[in-house]
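Me: Hi! I have a structure open and would like to walk through it with you. Could you keep it plain and bear with my hopping around?

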Amino acid sequence: MGKKFFIKTFGCQMNFNDSERIRGMLRGIGYEPTDNWEEADLILLNTCTIREKPDQKVLSHIGEYKKLKEKNPNALIAVSGCLAQRTGWELVQKAPAIDIMFSSFNMHQLPELINQAQAGYKAIAILDSPPEDEDKVWEFPTERDNPYCAYVTIIKGCDKNCTYCVVPRTRGKERSRSLESILEEVRRLVDDGVREIHLLGQNVTAWGKDFDKPVSFSHLLYEVSKIEGVERIRFTTGHPTDLTDDTIEAMADIPQVCNALHLPFQAGSNRVLELMDRKYTKEFYLERVAKLKENVPDIAMSTDIIVGFPTESDEDFEHTLDVVRQVEFEQIFSFKFSPRPGTPAESMEGHVPDEVKTQRMSRLLSLQKSIMGKLSSRYEGSVQEVLVEDEKDGKLVGRTTTNKWVTLEGGKELLGKLVAVEITKASPFNLLGEVREVLR
Ligand code: SAH
Ligand code: SF4
Ligand code: F3S
């Protein structure tokens with residue numbers, strides 16, 4: 001009987017893409033995936049530490065998974081990702097059931113670490129910085145659930161040091177992946193039937209800045225779009241200060257680039273933005289959005305917002321609401337500020353009480369609900385291009401280029417096809433539609 005693995009992933013799309021690569025890697029050394037952790041020989045938790053909540057979740061999961069060892073004493077528990085990188089041995093002391101630990105710096109070492117753990121050693125490989133051979137990881141294929149849309153990591157790490165954020169500590173400095181390596185992966189994916197490429201990084205818009213001969217992110221967009229078979233391109237996340245005019249122009253110029261952009265603004269008050277060290281003002285952010293809307297009409301914007309940063313007053317928060325009102329985001333991801341160990345914001349004065357954060361959050365969400373109602377009604381009666389991605393309960397589902405989910409009637413032969421769909425009913429989270437034409 002072959003060995004089985006079970007992976008539980010927390011956090012952002014980068015972490016999910018790392019898990020997809022770990023899946024490919026484990027397959028390569030003879031493991032098969034399972035959805036039931038109780039029958040696994042290897043359980044891996046790919047962790048996140050962006051806020052306090054995900055930290056706590058990991059410990060409670062390990063508490064449950066360690067029961068596996070009673071039935072299967074040779075079973076291994078591995079922890080990877082950002083919490084592993086931030087806490088290292090400290091976490092192993094809290095949860096001694098951990099056999100293997102590594103981070104996004106050294107995923108490629110997993111096969112060796114498994115060997116060490118099988119030989120009875122604790123294989124804890126947390127490094128201060130990424131090793132020189134970290135690019136080896138790109139040699140492993142990813143294993144994905146969605147056959148038509150694929151993530152491709154193009155840049156690792158972050159150089160920004162926002163005062164609330166752990167990511168520069170857990171993912172290291174910005175390292176752009178080489179153009180050749182990215183294009184090679186995209187070609188491989190397209191040969192495999194993928195039609196939508198989603199470029200990933202903590203700050204994708206900084207791609208290419210760290211090369212000996214720096215190149216712009218827009219160059220990468222053009223190069224990816226030239227690959228035959230790439231029908232759609234998305235990218236996440238961009239930072240407002242790196243969203244240059246040439247990138248906006250490339251978004252307008254390249255037909256495959258989707259009409260959607262996730263551009264976090266975090267807070268509307270210039271005073272708070274300065275405390276966060278975001279390096280832009282409310283006016284700068286709004287100007288970038290205006291430029292985007294002018295060049296890419298109908299663009300669907302989404303964003304991240306932090307509520308209750310230290311010292312945030314009601315007046316500061318009004319500026320956050322004002323940005324939401326002015327931009328009219330299709331989607332917002334809002335988070336209560338969570339102090340992270342070792343970050344400058346943790347030790348700032350003026351922490352905002354939780355009740356105030358809750359109140360502000362609910363004001364923000366009710367404003368957003370009314371905006372989403374208004375935006376979604378615009379879709380009714382329109383014809384949208386949809387990539388049919390999946391079948392659920394006998395219906396087909398796919399996304400518009402603006403990243404809205406659409407439910408359709410139709411046969412399995414439409415899976416993976418781009419179709420023109422007339423929207424018959426629109427609600428904030430889902431659209432219903434009828435296929436008018438199969439495009440390609
Ligand atoms: N690189 C991306 C976001 C990375 S983290 C960017 O800079 O935009 C994803 C989101 O988590 C952030 O955009 C922020 O809104 C939120 N976040 C990060 N640290 C946080 C903290 N300490 N408390 C609450 N939210 C936080
Ligand atoms: Fe964190 Fe700021 Fe970097 Fe985003 S840009 S990952 S919020 S430090
Ligand atoms: Fe979390 Fe690390 Fe992503 S902290 S949000 S998994 S970069």
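**Chatting through the chain and its ligands**

Me: Which residues does L432 touch, not counting those up to four places away in sequence?
Reply: Leaving out residues up to four places away in sequence, L432 touches V406, T407, E422, I423, T424 and K425. Keep in mind that this is a predicted model.

Me: Noted. Where is the place of L432?
Reply: L432 sits in strand β19, which covers residues 430-438.

Me: And how exposed is L432?
Reply: L432 has a relative accessible area of 37%. Buried would need under 20% and exposed over 50%, so a value in between makes L432 partly exposed.

Me: Let's zoom out. How many helices and strands does the chain have?
Reply: The chain has 14 helices and 19 strands. Its radius of gyration is 22 Å, close to the 22 Å that the globule rule gives for 440 residues, so the chain is as compact as a globular protein of that length.

Me: What box do the C-alpha atoms fill?
Reply: Along the principal axes, the C-alpha atoms fill a box of roughly 60 × 60 × 50 Å.

Me: What share of the residues is buried?
Reply: Buried residues are 56% of the 440 in the chain. As for the surface, the chain exposes about 19,500 Å², and carbon and sulfur atoms supply 49% of that area.

Me: What about contacts between residues 24 or more positions apart?
Reply: Such pairs account for 72% of the contacts in the chain with a separation of 6 or more.

Me: On to the ligands. How many residues surround ligand 1, and which are the closest?
Reply: There are 15 residues around ligand 1, and the closest are Q202, P264, Q266, D304 and S338. By class, that shell has six nonpolar, four polar and five charged residues.

Me: How far is a polar side-chain atom of D304 from an oxygen atom of ligand 1?
Reply: The D304 atom lies 2.6 Å from a ligand 1 oxygen. For Q266, a polar side-chain atom is 2.7 Å from an oxygen atom of ligand 1. There is also R51, with a side-chain N or O atom 3.1 Å from an oxygen atom of ligand 1.

Me: How much of the accessible area of ligand 1 does the protein cover?
Reply: The protein covers 90% of the 540 Å² of accessible area that ligand 1 has on its own.

Me: And ligand 2, which residues are around that one?
Reply: The residues around ligand 2 are C158, K160, N161, C162, Y164, C165, V167, P168, Q202, H239 and R278. Sorted by class, they come to six nonpolar, three polar and two charged residues.

Me: Tell me about N161. What is its phi?
Reply: Phi of N161 is near 55 degrees, a positive value in a residue other than glycine. N161 lies in the loop between β8 (155-156) and α7 (167-171), and its relative accessibility is 43%, so N161 counts as partly exposed.

Me: What about phi of N403?
Reply: N403 has a positive phi too, near 75 degrees, and is not a glycine either. The loop between β16 (395-400) and β17 (405-408) holds N403.

Me: Where is the cis peptide bond?
Reply: The cis bond joins T236 and T237, with omega about -10 degrees. T237 belongs to the loop between β11 (232-236) and α10 (245-253).

Me: Last topic, K291. Why does K291 count as buried?
Reply: K291 has 18% relative accessibility, and buried means under 20%, so K291 counts as buried. K291 is in helix α12 (residues 282-295), and apart from neighbours within four places in sequence, K291 is in contact with D245, I248 and E249.

Me: And L113, buried or exposed?
Reply: Buried, at 3% relative accessibility. L113 is in helix α6 (residues 110-118) and touches I100, M101, F102, A123 and A125, not counting residues up to four places away in sequence.

Technical notes:
Residues numbered from 1 in each chain as written. Chains lettered and ligands numbered in written order. Predicted model: local features only at pLDDT ≥ 70, side-chain atom pairs only at ≥ 80, totals over all residues. Heavy atoms only, no water. Near = heavy atom within 4 Å. Polar contact = N/O pair within 3.5 Å; in protein donor to acceptor, adjacent residues only side chain to side chain. Areas by Shrake-Rupley, 256 points an atom, 1.4 Å probe, with all protein chains shown as cover. Nonpolar A, V, L, I, M, F, W, Y, C, P; charged D, E, K, R; others polar. Helix = DSSP H or I, 4+ residues; strand = E, 2+ residues; numbered from the N terminus. Rg over C-alpha atoms; globule rule 2.2 N^0.38 Å. Buried < 20%, exposed > 50% of the residue type's maximum accessible area, 1.4 Å probe, protein only. Contact = heavy atoms within 4.5 Å.
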